[in-house]
Amino acid sequence: MLGHLRKWLSIRPDRAVETDPAAAGQARGSGPSTLDSPLAQAKLELGMLLRLQGITNSAVLRAMLDLVPREDFVAPSMLDRAYENITLPIGRGQTISQPYVVALMTQLLEPRGDKRILEIGTGCGYQAAILGHLFGQVYSIERHKDLAEAAIRRLGRLGVDNVSVQQGDGFLGLSAAAPFDGIILSAAPREVPVSLVNQLAEGGRLVMPLELENGDQYLMRFTSSKAGLFEERFTEVRFVPMLQGIPDKNTVQATVIDDDSLKMDSPKVDSSL
Ligand code: SAH
């Protein structure tokens, strides 16, 4: 049905016009921070918090604290809050997830360098960049074209070359590249999408927020096996809704995330921990 609407984006990172926060981040010198800088201090505190909350996978901690600069994914005005354990607005009414939730979901996928992962909801590309450092190949689908394009540019600039981003409806998954060892949803559906379950390899894991009838959301992990789906329920979370289809072409403006577009957003809380 909507399959024909799906469209691979052909923007080459090296040709991108640098108009988004990551570019601004480079211009303002967001490279290695000195030990006594506020960002380095915030990173240290975040590291302690993640460990205390049960993030034990050292590769996940390294990706979150050393390899992927979260400050390059947030608007310049939010720079000093980049390593707080909070959600931040990324434009189009969407949010970059709280670091703890990103770390927990990544850990639940059980990182390994030969695994292939599908992410639904690229957003600013932060989670995708973390996945890129920990898995062999990552495919990421985003319904907003401008968010997808900005994420492609940002990932290109950061040298993350094993993540491919495309605009599309994540409910359809990506049958051309299935089966996947892991699928991760960064937006909450009200039911487990069967089409995505069908794109899991045997032993593959689907990590996702699931919204219940009363509006509560829980982080879930479903593991595919010959006997069926094995279900595990984790912490309560708060994600933006997973929406059907891609936005009408006419309503999509050619803007990327910047301070002005962020002013119109109301930040959403990503986890009620
Ligand atoms: N992982 C992201 C979080 C983005 S917020 C990050 O690190 O920034 C969730 C994203 O899911 C939003 O960008 C939203 O547009 C997208 N989304 C919601 N429903 C979708 C769908 N059906 N298909 C693809 N993307 C979807």
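The numbered points below go through a predicted model of a protein chain with a ligand.

1. Overall make-up. The secondary structure of the protein chain comes to 8 helices and 9 strands, and of its 273 residues, 55% count as buried. The chain exposes about 12,600 Å², and carbon and sulfur atoms supply 53% of that area. When contacts between residues at least 6 apart in sequence are considered, 62% of them join residues at least 24 apart.

2. The largest nonpolar core. This core has 48 residues, of which L50, I55, M64, I96, Y126 and I130 touch the most other members. The elements that give two or more residues to this core are the helices α2 (38-52), α3 (58-67), α4 (99-108), α5 (126-134) and α6 (145-157), together with the strands β1 (88-91) and β5 (163-167). The largest share, 7 residues, comes from α4. As background, nonpolar side chains in soluble globular proteins tend to be buried together.

3. If its neighbours within four places in sequence are left aside, M64 is in contact with L50, Y83, P99, V102, A103, Y126 and I130. Apart from this core lies another one, of 22 residues, which has F180, L200, M208 and F222 among them.

4. Helix α4. Because 10 of the 10 residues of α4 are buried, this helix is largely enclosed by the rest of the structure. The buried residues are P99, Y100, V101, V102, A103, L104, M105, T106, Q107 and L108, and a reader can follow them along the helix in the model. Just after α4, E110 takes a positive phi of about 55°.

5. A search of the whole structure finds 2 aromatic pairs. In the pair formed by F73 and Y126, the ring centres are 5.4 Å apart and the planes stand at 75°, so the pair is edge-to-face, since planes over 60 degrees apart count as such. F73 lies in the loop between α3 and β1, while Y126 belongs to helix α5, so the pair ties together parts that are 53 residues apart in sequence. Both F73 and Y126 are buried.

6. The other aromatic pair. The rings of Y139 and F180 have their centres 5.8 Å apart and their planes at 65°, so this pair is edge-to-face. The pair links distant parts of the chain, with Y139 in strand β4 (residues 137-142) and F180 in strand β6 (residues 180-185), 41 residues apart. Y139 counts as buried because its relative accessibility is 15%, and the cut-off that matters here is that buried means under 20%. F180 counts as buried because its relative accessibility is 0%.

7. Of the 28 residues around the ligand, E142, D169, G170, S186 and L243 come nearest. A backbone N or O atom of L243 lies 2.6 Å from a nitrogen atom of the ligand, and a polar side-chain atom of D169 lies 3.0 Å from a nitrogen atom of the ligand. For R143, a backbone N or O atom lies 3.3 Å from a nitrogen atom of the ligand. Taken alone, the ligand exposes 580 Å², and the protein buries 99% of that area.

Terms used: Residues numbered from 1 in each chain as written. Predicted model: local features only at pLDDT ≥ 70, side-chain atom pairs only at ≥ 80, totals over all residues. Heavy atoms only, no water. Helix = DSSP H or I, 4+ residues; strand = E, 2+ residues; numbered from the N terminus. Buried < 20%, exposed > 50% of the residue type's maximum accessible area, 1.4 Å probe, protein only. Contact = heavy atoms within 4.5 Å. Areas by Shrake-Rupley, 256 points an atom, 1.4 Å probe, with all protein chains shown as cover. Core = buried A, V, L, I, M, F, W, Y, C linked by side-chain atoms within 4.5 Å. Near = heavy atom within 4 Å. Polar contact = N/O pair within 3.5 Å; in protein donor to acceptor, adjacent residues only side chain to side chain. Phe/Tyr/Trp six-rings, centres within 6.5 Å; stacked < 30°, edge-to-face > 60°.
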